[in-house]
Amino acid sequence: MRAAFHTLGCKVNSYETQAVSEQFEAEGFEIVDFREVADVYVINTCSVTQMAEHKSRQMIHRARKLNPDAVVIAAGCYAQRAPDDLDIDGTADIVVGNNNKSRILEIAKDLVKEKGQVQAVEDLTHCRDYESQSISSLGENVRAYVKIQDGCDRFCSYCIIPYVRGRSRCRSEEEILKEVNALAGNGYKEVVLTGIDISTYEGLAALIGKVSDIEGIRRIRLGSLEAGVITEEFIREAAKYDKLCPQFHLSLQSGCAATLKRMNRHYSPEEFLKRVRLLKGNFESCAITTDVIVGFPGENDEEFEESIEFVRKCGFSQAHVFKYSRREGTVADRMPDQIPESIKNERSARLIAEADRMQKTFDESLIGKIREVLIEEKIETDGRIIYTGFTPEYVRVGIESAEDITNSIVNAELLGISKVKGERALIAKMR
C-alpha cells in the first residue's frame, strides 16, 4: 500500500503531517511523493485565509484525479471549520478535525477495506486535552520543529484559528524532551519549539534550559511569540542559554493603536517597542521578525501611515506582510468600512518595499563578521557547488566548499550580499 501527504499552512501543520506519515510508515505503507499514484492521500488543510482554503480544495481534487479509487483524507483547519462543505463536495472520503489527527491511520485502514465516507470532527470549544503526537525525523532539512502547544485563547477579531484549533493547551515537558532526545539521536542539531501560541507555555524559559542540556542539540529557536511574554524576567532566564538563537518572531499586526484595538490585540505600539528594545539590548545582533496586516477594516490613510512609520522605528530584520482576508465567523468579518482590494494592494506593496529595505540593512550589518552557519542544502549553480545554511540570526548564507559540509556547523566570514537560486543570501568563506 502506498500513501502520500501534502501540507498547507503553518509549521504546526507540517509537524502534524510528519507525525501521521510516520504512523503510516510504521504500519508498512510506502510513503510516496504526492504527485504519484497512491492508495491513500492525506491533505492537511489550512483555513487562515480564503486563498488557503481554495488551495486546500485544489489539492483534494488533485488527489482524486491522480487515483479515483484512492482513499482521500482532508484533515486540519479547513476540515475543522467546514466539514460539511467537504462532505457535500464528495471529493474527500474522510474529513478529520484538529483533535483527531492521531486517528487518521486507524480510520483510513477501515475505509480501505470498505469504501464509504467518514467525518471525525469534534467541537473544540471546550477541549482542554492535548492530542499526543510525536516525530523522530523530518526528512526535509537539518532543522526539526517540535510542537509544544496547540490552540489559542486570544480571539483576535480577524482570526479564525481559536475556532478551528480550540483553546490553548500544552504538551507535557516529559514528551517534549523525549522527542528532542530522539531527534538529536537522529542527527538533528537545531530544534524550533513551535505551536499556535507558545507564549502560553508555562515555564517556557525553563524548558529552553532543559532542551539546551540535551547532547547533540546545538541550537534552539522559538516559534512566534506574543510581545507580552518578553519580560525582563523571561529575558534574564532565557539569555543564560548560549544555544538559544538571537532571533525572535514577535507578531505585531499593526503599528497603529486604534487599529490594534479593533483587532483585539492587547498591547499598544509603545509596549511592543519596549519589548523590541529589551531583546535588542540583551542579545547581540538580535534579529526580530514580525507579521503585519494591511487593509484591516477601518484602516484609513492616517492609520496606515502610523503603522508603516512604527515598523520603521522597530527596525525588523524581516517583516511578513499580509493583506487582510475576511474570515466568516470572525468579528472583523462583520465590521463596517471594509477596505477595497486595490487599496490593500497599494499598501501591501509599500510595506513590502520597506520590509525589503530593513532586511537589506540588517544583512549588511553582519558583513565582515564571523558567524556559525548550520549548513542545510547543497546547490549546483553556474558550474559551482554552493552550500547554503543559516546564521543564528536566521540569515541565509552561501559558501563554496570542496568537501560536503551538509548538516555541519561551520565558522564563516560574511563577505557581502548576493543571490543563491534567486534568494538573497550573504556570501561567505569558511574560517
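Modeller: Happy to. Ile-230 lies in the loop between strand E11 (219-222) and helix H9 (232-238); helices (H or I, at least four residues) and strands (E, at least two) are DSSP runs, numbered from the N terminus. A word on the source: this is a predicted model, in which local features need pLDDT of at least 70 and side-chain atom pairs count only at pLDDT 80 or more, while totals for chains, interfaces and linings use all residues. Residues are numbered from 1 along each chain as its sequence is written, and side-chain values use heavy atoms, with hydrogens and water left out.

Ile-230 has a relative accessibility of 0%, so it counts as buried; here buried means under 20% relative accessible area, exposed over 50%, and partly exposed in between (1.4 Å probe, protein chains only). Setting aside neighbours within four places in sequence, Ile-230 is in contact with Leu-225, Ile-235, Leu-250, Arg-275, Leu-278 and Leu-279, where contact means heavy atoms within 4.5 Å. For a sense of distance, Ile-230 and Ala-402 are 172 residues apart along the chain, and their C-alpha atoms are separated by 43 Å.

Strand E11 (219-222) brings us to Leu-222. In the largest nonpolar core, which has 70 residues, Leu-222 and Phe-272 touch the most other members. A nonpolar core is a set of buried Ala, Val, Leu, Ile, Met, Phe, Trp, Tyr and Cys residues joined through side-chain atoms within 4.5 Å. Not counting residues up to four places away in sequence, Leu-222 touches Val-192, Leu-193, Ile-198, Leu-204, Ile-208, Phe-234, Leu-244 and Phe-248. A second, separate core has 18 residues, including Cys-46, Ile-60, Ala-63 and Val-95. In soluble globular proteins, nonpolar side chains tend to be buried together.

Ile-43 lies in strand E3 (residues 40-45) and is buried, with a relative accessible area of 0%. Among its contacts, leaving aside neighbours within four places in sequence, are Ile-60 and Ala-63, along with His-6, Leu-8, Phe-34, Ser-56 and Met-59. Ile-43 and Ala-239 are 196 residues apart in sequence and 39 Å apart in space, C-alpha to C-alpha.

Now for some other loops. Between strand E12 (247-249) and helix H10 (257-263) you will find Cys-256, which counts as buried at 1% relative accessibility. Cys-256 touches Pro-269, Glu-303, Glu-306 and Ser-307, not counting residues up to four places away in sequence. The C-alpha atoms of Cys-256 and Thr-17, 239 residues apart along the chain, are separated by 37 Å. Gln-253 is also in the loop between E12 and H10, and counts as buried at 8% relative accessibility. Its backbone deserves a glance: Gln-253 has a positive phi of about 75 degrees although it is not a glycine. Most residues other than glycine have a negative phi. Phe-155 likewise is not a glycine and has a positive phi, of about 55 degrees. Phe-155 sits in the loop between strand E8 (149-150) and helix H6 (161-165), and at 30% relative accessibility it counts as partly exposed.

For an exposed example, turn to Pro-336, which has a relative accessible area of 60%. Pro-336 is found in the loop between strand E14 (318-323) and helix H13 (341-365). Leaving aside neighbours within four places in sequence, Pro-336 is in contact with Pro-297 and Gly-298. Pro-336 and Leu-260 are 76 residues apart in sequence and 16 Å apart in space, C-alpha to C-alpha.

Finally, the whole chain. Its secondary structure comes to 13 helices and 19 strands. The radius of gyration is 22 Å, close to the 22 Å that the globule rule gives for 431 residues, so the chain is as compact as a globular protein of that length; the radius is taken over C-alpha atoms, and the rule is 2.2 Å times the number of residues to the power 0.38. Along its principal axes the C-alpha trace spans about 65 × 60 × 45 Å. Of the 431 residues, 55% count as buried. Among contacts with a separation of 6 or more, residues 24 or more positions apart account for 72%.
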